[in-house]
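Let us look at one protein slowly, beginning with a single residue and then stepping back to take in the whole chain.

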Amino acid sequence: MSLSEIEPGKSAVVESILGGKKLRQKLVNLGMIPGAIVQVVRANRMGPMVLYVQGSQIMIGQGMAKRIYVKQN
């Protein structure tokens with residue numbers, strides 16, 4: 001399932017990222033690496049998602065979240 005499907009308050013483990021080299025590198029720089037645990041802090045269908053990953057709070061858009069495949073904990 002994609003990260004965009006995870007509800008606020010839930011967490012998941014990053015499995016893979018579907019995208020080009022530039023997108024993958026940007027997400028790696030934010031701590032989104034395979035095996036990382038991501039907690040969804042805030043999300044809605046129209047706006048960005050607020051996430052907690054590897055000790056940092058980050059914000060990404062829905063389009064980016066749809067390219068991150070996760071396994072829900």
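In this predicted model, Ser2 has a relative accessible area of 7%, and because buried means a value under 20%, Ser2 counts as buried.

The surroundings of Ser2 can be followed in two steps, starting with a partner close by in the sequence. The side chains of Ser2 and Ser4 are joined by a polar contact of 2.7 Å. If the neighbours within four places in sequence are set aside, Ser2 is in contact with Ala65, Lys66, Ile68, Tyr69 and Val70.

From this residue we can turn to the protein as a whole. Its secondary structure is made up of two helices and five strands, and, read from the N terminus, these elements follow one another in the order β-α-β-β-β-α-β. The radius of gyration of the protein is 11 Å, close to the 11 Å that the globule rule gives for 73 residues, so the protein is as compact as a globular protein of that length. Along the principal axes, the C-alpha atoms fill a box of roughly 30 × 25 × 20 Å.

Contacts and surface complete the picture. Among the contacts between residues at least 6 apart in sequence, 58% join residues at least 24 apart. Of the 73 residues, 34% count as buried, while the protein exposes about 4600 Å², of which carbon and sulfur atoms supply 52%.

Technical notes. Residues numbered from 1 in each chain as written. Predicted model: local features only at pLDDT ≥ 70, side-chain atom pairs only at ≥ 80, totals over all residues. Heavy atoms only, no water. Helix = DSSP H or I, 4+ residues; strand = E, 2+ residues; numbered from the N terminus. Rg over C-alpha atoms; globule rule 2.2 N^0.38 Å. Buried < 20%, exposed > 50% of the residue type's maximum accessible area, 1.4 Å probe, protein only. Contact = heavy atoms within 4.5 Å. Areas by Shrake-Rupley, 256 points an atom, 1.4 Å probe, with all protein chains shown as cover. Polar contact = N/O pair within 3.5 Å; in protein donor to acceptor, adjacent residues only side chain to side chain.
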